[in-house]
Amino acid sequence: GPAIAGFMIGAAGVAITYIVGVILYGLGILCMTRIVSAPASSESQKTPVGKSIVEGFTYVRENRLVLILLLFGLVPMFIVMPFQNLLVVFAEKIWDVGPRGFGILSATMGIGGVVGSFWVATLGDTHRRLKRMMISMLAFGCCLFSFAVSPYFLLGLPLIFFANIFANVFSTLNNIAIQLFIPDRVRGRISSFLMMSFSLPMLGTLPVAAVAEVYGAPFAVAISSVLAVLAGVLFFVFSPSLRNMDAGVRAAMRDEK
């Protein structure tokens, strides 16, 4: 999606791209109306919605590894992912490449996300998820920091490409670990918490944009990448539950069987 939108912005402009996006959303809603809901189970019919929500919060509070994984996937992304909203500043003010350059930046970032998804898919089942999560998080921070301080547009393209690969790998491995750990009876409720990883990080746009306004977009993105890596390292250092994540996931999978 971002790749196609990036090329469209460069070719037809932002307004046309938004119009096409609205049309596609409309088609998606239309397709949803054709989905037939499955009959609710007897358990779901007996459980009020409010009670289900409370049970979800209770499960997260009582299962420390799930809570840590949710925060581990959310906090670094909250700090750094708003950089996406500053790409236009890099295109217009830093590198002076205009709308077409912004489109190319967006497309490169989108393609990196797709490549990251395929990369995770090729890994298959692994007992070294934590190691790969930490490596991908550190690599993401390094690539994004280098992107922020890059003086050249053409150098920034491969850096943002690899940064988004590693960001996607980190987020996907984190979500997989949570899904493997939790039992089926709370899967829907915990999945709702995972959806926050798509929306809450955008709230970080306000402080990052405020820093960018005073000190410039490169400084704001660079300091965000450093803070995100620092947050991830602190999670690892001070959380025994996280360091024992792989063993905890294996034990949960055995219990589920």
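Trainee: Which residues is phenylalanine 140 in contact with, leaving aside its neighbours within four places in sequence?

Mentor: In this predicted model, phenylalanine 140 is in contact with Met77, Val80, Met81, Phe83, Ala163, Phe166 and Ala167. Contact here requires heavy atoms within 4.5 Å, so each of those residues meets that limit with phenylalanine 140.

Trainee: What makes Phe140 stand out in the largest nonpolar core?

Mentor: That core has 63 residues, and Phe83, Phe140, Phe147 and Ile190 touch the most other members. Helix H9, residues 153-181, gives the most to this core, with 14 residues.

Trainee: How do you know that the radius of gyration agrees with a compact globule?

Mentor: With 257 residues, such a globule would have a value near 18 Å; the protein has 20 Å, which agrees. The C-alpha atoms fill a box of roughly 60 × 50 × 35 Å along the principal axes.

Trainee: What share of contacts between residues at least 6 apart in sequence join residues at least 24 apart?

Mentor: The share is 80%. As for secondary structure, the protein has 15 helices and zero strands.

Trainee: And how much of the accessible surface belongs to carbon and sulfur atoms?

Mentor: Those atoms account for 70% of about 14,400 Å².

Methods
Residues are numbered from 1 along each chain as its sequence is written. This is a predicted model: local features need pLDDT of at least 70, side-chain atom pairs count only at pLDDT 80 or more; totals for chains, interfaces and linings use all residues. Side-chain values use heavy atoms; hydrogens and water are left out. Helices (H or I, at least four residues) and strands (E, at least two) are DSSP runs, numbered from the N terminus. The radius of gyration is taken over C-alpha atoms; the globule rule is 2.2 Å times the number of residues to the power 0.38. Accessible areas come from the Shrake-Rupley method with a 1.4 Å probe; for residues, only the protein chains shown count as cover. A nonpolar core is a set of buried Ala, Val, Leu, Ile, Met, Phe, Trp, Tyr and Cys residues joined through side-chain atoms within 4.5 Å. Buried means under 20% relative accessible area, exposed over 50%, partly exposed in between (1.4 Å probe, protein chains only).
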